[in-house]
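Look at the structure below with its sequence beside it. The paragraphs that follow go through it one part at a time.

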Amino acid sequence: MTPLVECRRVGFSYPVRDGGARGAFAIHELSFSVEAGEILGVIGPNASGKTTLIRLLSRVLVPARGEIRLGGRPLGGFTRAAVATEIAVVPQDVPQSFPYTVEELVLMGRFPHAPGRLFESALDLDHARRAMAATGVFDLRGEPLGRLSGGERQRVMLARALAQRPRLLVLDEPTAHLDLRYQAECVGLLRRLNREAGLGIVLVSHDLNLAAEVCDRLLLLAGGRAARVGPVEAVLDEATLEAVYGCRIAVDKHPATGRPTVQVLWPT
Amino acid sequence: MRRSPRIPVLVIGALMGLLAWPALAAPFTVSDQTGRSLGLAGPPRRIVSLVPSVTETLFAIGAQAVLVGVTDFCDYPREAGRKPSVGGMVAPSLETIVTLTPDLVVATTAGNREETFTQLDRLRIPVYLVNPTRLADVLDLIARLGALTGHEAEAARLAASLGARIKAVSERVTPLPRPRVLYVLWPEPLIVPARGTLVSELLALAGADSVTADGGNGYPRYSLEAAVAGSPEVIILARHGGRPGPMAGDKWQRFAELPAVKSGRVYTVSGDLLHRYGPRVVDGLEQLARLIHPEAFGKAGRP
Amino acid sequence: MSQPSRLLAALSALGLAVLVLSLGALFIGSAPVSPGAVLAVLGGRAAAPVDEVVVWSLRLPRILAALLAGGALAVAGVGFQGLTRNPLAEPSVLGVSSGAAFGVVMAQVFGLRAGLLDTLGLTAFAFAGAFVAGVAVYAIAARAGGLPVHTLVLAGVIVGIFFASAITVLISIVDFDRLGGVIHWLLGNLAPIAPVPLGLFTLVAALGFWLVLGQSRQLNLLALGEEGALQLGVDAERVKRRIFGGAALLTAAVVAFVGPIGFVGLIVPHALRLMLGPDNRVLVPTALLGGGLFLLAADTLARNLIAPAELSVGVITSFCGAPFFIYLLRSPAARIGP
């Protein structure tokens, strides 16, 4: 079966900043795939390439080496708008002082489907409304984003991504800054979308336990390279994690779900 | 034999008529002081003057009857103030001008805006441009306005009498030594008359050695240092608008070592007399001469 | 209310206001033309030639110039504010109007001496100046692969300051006699424009308007940040180029055909945003009408307050614009932010 997304030996480096002591950050020889309908977690320390990977997947950046394929076809062959109808990114938050309402933001997700139109069609409105209902923000549709809580904004951005009707959802640290309750809500939502709509999900997170719980497979990044990719248990191996994160780690089994749990062994 | 020369003559005549059409259609062709040629339907009978000097001159040659509009700055003679005003010199009201139905507008390239000329051109109102920079131009302007308005005789008389007065002043001061004179058009920034200006010419005629005569072209901004370095024996301050304003003499009193200050020869004159290109320029000349050479004219001190 | 219907409602209201004010302005002026005479002229009935000249050749062209210039400046303001995501952006902030003004002042001080000025000649100088300024801003701000917005603003300010200083230099050396005229032009004034230049002005402004309107939906998406917009399929660089180009064209056209007029491009987009919300698809068309309305009102005041003398319209826009803006800002339903 053709994977939904496939990265083949992808390489990328940012332009060198003048006066930088170290070399520019780069991604090397990254190869992995995301199957249709699976949840892939992308984990790794800061500056391991998680954000860069999101940018590469969403065509914000273009690989210098290697290739990214979407449904078997090279990503470079798609127009930007076409990519946006297949891959939707849910960022951590919207910029400060974002002046639009919930509905206006969700409708922005319809842009890639008809970039030549000035105003959205009735069909666009319909999709937007369904997306808002799916994430439970329909009642908030007239509110300006500034008045919502962190959790509500998260759901609004998810609704926008859903309005794009993608095959793949890429979430950038979806539970960072969220209260536990909203974290739980978010996870529940994602699982439902994955199950019911068959949506492929790439979940970028620094929360290892969240990733362990929610994801089918994991990609562990370190220094721009794939340190490990595979089933959750295989990747969350103590030795590997200690090498990547540089601290002592214990991996246990979760009493209720049987999934691995990761704990840092704090220095005494 | 009679027919053959007729047809070519007719053709040539017709061609000449065609070529001369503009002149034929405009029986009264004049050329203004900048050399542009204007075709009018006849001698102008309704003139709007956008130049105070022109207004003054028209009154002086007795042609005020044809003057139908003036600017807010046309304040001499008194009667000029009673003529309808079209606004300022820089932004006169086109609507008011049009309402006055002039057949000629007299304007200057120094003080009016070229945008105004373009607009008047578009409205098919002929614009007669003047640009006097020397005394000879002023006399020429008087003659031109006389010819335009059919008051050639009065214009000639006026020009002759002005010419005689100018000659009188010049002859009186020629044998005398020339004191160094600083003429201050505007005190801050310091603006003085230099090459090619009417005031410089008047100063020379009045028997002065203007310290700023070669200090640039036109009316440049001058450095106070250079002015003081010229060590003027007479300082003349131009007064604008009838009130003693920024040109107050006490500003110069701090330069106590200047010959002019030491001898108390700091005077004010009316700017209207010397900066307008009308007949009163000669009054201004005489005033200058009296201040600079009191010994020759019998009266010293402020006018 | 959906955006298209909101747009329609706003356009109808503004359109009506423009029509009413334009008609009214035909009746007011320093020439004593009675309302009956104006009606006679408009109706094509027999009328005094003077009245016809005043209405058709003086008042109407000036009204049209005001509508066009005000609309162009307001649309440019919407574009620049959306592009830079900075509420203080206005056409003069990106250096283009200073460049155009410099071109014109140069022509006034040096090129064209005594003798009638060809209006088109001045216009060409204005566009040349605007072009040089625009290219300079672009060149300074552009990096490999794009036009970062914050450097665009900085580059615009720098170029604007440069040309403003250059203008000051020119003013300091200009003849005393010509000084009044140059300063008068710099204050910003409206004058009746002849049909050919007016037609040219309309064409250029239409092009600029079309460029900005065409990217107005994308401009909304730019509020998500460039990365966010890219991820939604927006070609951010293309949007920036077109908006900058369109807004610069509009600004240059106004300075070239009319003169530098400030405040309109800052106030009108804000006022409209406070009343209609931040959607650029609504703001751009309404700015065209709203800007025209504002400038027409200001100019009608300018040419009648102290008739027959005239005030510069730039003076009126500054004076009236600020209090109005304060009032709107303090109103409870304010929605601020580009």
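In this predicted model, domain 1 of chain B has 13 residues in contact with eleven residues of domain 2 of chain B. On the side of domain 1 that touches domain 2 of chain B, the elements that give two or more residues are α3 (52-60) and α6 (135-149) of chain B. The most comes from α3(B), with five residues. By residue type, this side of domain 1 of chain B divides into eight nonpolar, three polar and two charged. As for the bounds, domain 1 of chain B covers 20-155 and domain 2 covers 176-297. Their C-alpha centres lie 30 Å apart.

Chain B also meets chain C. Here the contact takes 34 residues from chain B and 30 residues from chain C. On the side of chain C that touches chain B, α3 (49-84) and α7 (176-187) of chain C are the elements that give two or more residues. That side of chain C is made up of 17 nonpolar, ten polar and three charged residues.

Now turn to chain A. Strands of a sheet pair through backbone hydrogen bonds, either parallel or antiparallel. In chain A, four strands form an open sheet in the order β2-β1-β4-β5, and the pairing is antiparallel. Its edge strands, β2 (26-34) and β5 (73-74) of chain A, each pair on one side only. Strand β1 (residues 5-13) of chain A is joined to β2(A) by six bridges. Within this pairing, Phe12(A) has Ile27(A) in β2(A) as its bridge partner. Helix α1 (residues 50-57) of chain A lies across β1, β2 and β4 (65-70) of chain A, and runs at about 115 degrees to β1(A).

How values were computed
Residues numbered from 1 in each chain as written. Chains lettered and ligands numbered in written order. Predicted model: local features only at pLDDT ≥ 70, side-chain atom pairs only at ≥ 80, totals over all residues. Contact = placed C-beta atoms within 7 Å. Nonpolar A, V, L, I, M, F, W, Y, C, P; charged D, E, K, R; others polar. Pairing = 2+ DSSP bridges. Axes fitted to C-alpha atoms, helices over the stretch in contact; angles between N-to-C directions. Domains from an automatic or database assignment.
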